[in-house]
Amino acid sequence: MEDRRLLERRDGDLAGHVARIADEFLEGFVAVERIGRPAVSVFGSARVHEGHPAYDQARDVGKRLAEAGFAVVTGGGPGVMEAANRGAREGGGLSVGFNIELPHEQHSNPYIDIGLTFNHFYARKTMFVKAAEGFVIFPGGFGTLDELFESLTLIQTGKVLHFPVVLFGRGYWQPLLDWIAARPLEDGMISPEDLELLILTDDPGEAVATIVECYDRRCATMPAEPEKADAQ
């Protein structure tokens, strides 16, 4: 894998690596330009299947987003990603999948209109942000948590404009929010307004309405005051 070879420094062809990374960014930017409409990035576990609440709710959210005129962008794989892409198709919208090459091969799901497979996580993650007017984050594992906290860091530090970050599933996310309030907030490592960056819901309609309302009033054009992030 490209990332592993680069990070472990087993391959001395640094110039070649940099060129391939640049090419991948260019391919990603071109793919984002092809979307041609507002989009929402949807994240969540690859390990759920049809019939699981997260799958069925993501499918509903994807359909509602499409019906509201938004493209749906996912990581292109199975589980929640497949469900959101599937819903977008069912809603008559555009379905986008940015897949990733993994040691355990992750196949693209069959509900993608615009698809691209990346070798590098950082290039792929940039496209999720570049394409999106908002994020909807369903229950998931480390990759989902990575997307959640990266989006919050980018907004908090003013690296991107403020867009909605919707956490779907109160039962799953509330304990994490309670811990954030009890430790980082209580210890002064984040500010009270940082918690306001997150919207928590169990309602597909509310999730979509939150993003539509923000887009209609152009809230993402109003940058938040950047804070100095803790680099540790």
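Student: In what kind of crossing, left-handed or right-handed, does α3 pass α4?

Tutor: This is a predicted model, where local features need pLDDT of at least 70, side-chain atom pairs count only at pLDDT 80 or more, and totals for chains, interfaces and linings use all residues. Residues are numbered from 1 along each chain as its sequence is written, and side-chain values use heavy atoms, with hydrogens and water left out. A crossing is left-handed if the near helix is turned anticlockwise from the far one by less than a right angle, and right-handed if clockwise. For α3 passing α4, the crossing is right-handed.

Student: And how far apart are the axes of α3 and α4?

Tutor: Axes here are lines fitted to C-alpha atoms over the stretch in contact, with angles from 0 to 180 degrees between N-to-C directions; contact means heavy atoms within 4.5 Å. Helices are DSSP runs (H or I, at least four residues), numbered from the N terminus. α3 (residues 53–67) and α4 (residues 80–90) pack at about 35°, and their axes are 6 Å apart.

Student: How are α6 and α7 oriented to each other?

Tutor: The axes of α6 (residues 142–156) and α7 (residues 170–185) come within 14 Å and cross at roughly 45°. Angles under 35 degrees count as roughly parallel, over 145 as roughly antiparallel, 65 to 115 as roughly perpendicular and the rest as oblique. So α6 and α7 are oblique.

Student: Which residues of α7 make that contact?

Tutor: On the α6 side, T144, L145, L148 and F149 take part. Their partners in α7 are W173, L176 and I180.

Terms used:
Helix = DSSP H or I, 4+ residues; strand = E, 2+ residues; numbered from the N terminus.
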